[in-house]
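Please look over the sequence and the fold shown here. A short report on the chain follows.

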Amino acid sequence: GEEKLEMMNLLKSMFKAPTPAGPPVILRAFAVTDPTINQDAARVEEDAWRVSSVDDDPSIRLFELADPGVENCILTYRSQLKTEDVKGRAYLEMWCRFPGRGEFFSKGLNHAVKGTNDWGSYETQFFLKAGQQPDLIKLNLTLEGGGTVWLKSIELLTTPLE
């Protein structure tokens with residue numbers, strides 16, 4: 001019994017969430033005056049971007065942030081979303097590129113939305129350890145199977161870790 005308990009505690013310590021060392025800080029906030037990367041798919045409509053599915057690629061590139069100068073933190077990509085007739089799933093997707101190591105992603109599948117929904121807050125997170133410094137962060141929206149998504153208040157936040 002005791003060995004099993006020790007093993008459980010060891011596993012818990014290995015997989016426990018990192019401890020924030022302070023409040024989240026906005027690294028970058030995007031306004032409709034900021035041009036999106038894929039301008040064909042994301043069109044400005046009043047105070048939001050309107051995204052309808054295009055081509056065969058469900059991933060719509062919105063913004064990139066080069067050399068953000070972050071490590072040992074939680075990156076949070078957050079946005080307000082409103083949807084209409086989304087057939088599959090719509091969710092936020094963040095890619096981090098590391099020099100010499102390639103690209104890694106975080107998909108907000110636990111915050112995926114489908115159908116028709118009024119404005120709500122959605123996010124996806126990426127945990128960076130000390131020494132893990134991305135040289136590029138990509139903020140995308142994935143829209144599967146058609147429909148329309150509006151986005152506003154797009155923010156990239158960083159929360160320092162102990």
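## Basis of the model

This is a predicted model, in which local features need pLDDT of at least 70, side-chain atom pairs count only at pLDDT 80 or more, and totals for chains, interfaces and linings use all residues. Residues are numbered from 1 along each chain as its sequence is written, and side-chain values use heavy atoms, with hydrogens and water left out.

## Overall layout

Helices (H or I, at least four residues) and strands (E, at least two) are DSSP runs, numbered from the N terminus. The C-alpha trace spans about 60 × 35 × 30 Å along its principal axes.

Of the 162 residues in the chain, 39% are buried. Buried means under 20% relative accessible area, exposed over 50%, and partly exposed in between (1.4 Å probe, protein chains only). The accessible surface comes to about 9200 Å², and carbon and sulfur atoms hold 50% of this area. Accessible areas come from the Shrake-Rupley method with a 1.4 Å probe; for residues, only the protein chains shown count as cover. Among contacts in the chain with a separation of 6 or more, 78% join residues 24 or more positions apart. Contact means heavy atoms within 4.5 Å.

## Strand β9 and its partners

Strand β9 is largely enclosed by the rest of the structure, because 10 of its 13 residues are buried. β9 pairs with β1 (residues 25–30) in the antiparallel sense, over five bridges. Two strands pair if DSSP finds at least two bridges between them.

Q80 has K152 of β9 as its bridge partner.

## The nonpolar core

The largest nonpolar core has 32 residues, and L62, L75, L139, L151 and I154 touch the most other members. Two or more residues each come from β3 (48–52), β4 (59–66), β5 (73–98), β7 (113–128), β8 (136–143) and β9 (148–160). β5 gives the most, with 10 residues. A nonpolar core is a set of buried Ala, Val, Leu, Ile, Met, Phe, Trp, Tyr and Cys residues joined through side-chain atoms within 4.5 Å. In soluble globular proteins, nonpolar side chains tend to be buried together.

What does L75 touch beyond its neighbours within four places in sequence? L75 is in contact with L27, V70, M94, C96, T124, Q125, F126, L128, I137, L157 and T158.

S79 sits in strand β5. S79 counts as buried because its relative accessible area is 0%. A polar atom of the S79 side chain lies 3.1 Å from the backbone oxygen of K152. Leaving out residues up to four places away in sequence, S79 touches L92, G120, S121, Y122, L151, K152, S153 and I154.

L81 is also placed in β5. Its relative accessibility is 1%, so L81 is buried. Beyond four places in sequence, L81 touches L92, V113, D118, W119, G120, Y122, V149, W150 and L151. The C-alpha atoms of L81 and D135 are 27 Å apart, and 54 residues separate the two along the chain.

## Aromatic pairs

The structure holds five aromatic pairs. F30 and F63 form a stacked one, at 4.2 Å centre to centre and 15 degrees between the planes. F30 is in strand β1 and F63 in strand β4, 33 residues apart. F30 is buried at 6% relative accessible area, and F63 is buried at 4%. The rings of F98 and F126 are tilted, because their centres lie 6.3 Å apart and their planes are at 35 degrees. This pair ties together strands β5 and β7, at positions 28 residues apart in sequence.

Rings of Phe, Tyr and Trp (its six-membered ring) pair if their centres lie within 6.5 Å; planes under 30 degrees apart count as stacked, over 60 as edge-to-face and the rest as tilted. Ring pairs also link F30, W49 and F63 into a cluster.

## A buried loop residue

T36 is found in the loop between β1 and β2 (42–45). Is T36 buried or exposed? T36 is buried, because its relative accessibility is 7%. Outside four places in sequence, T36 touches A42, W49, L62 and F63.

Terms used: Polar contact = N/O pair within 3.5 Å; in protein donor to acceptor, adjacent residues only side chain to side chain.
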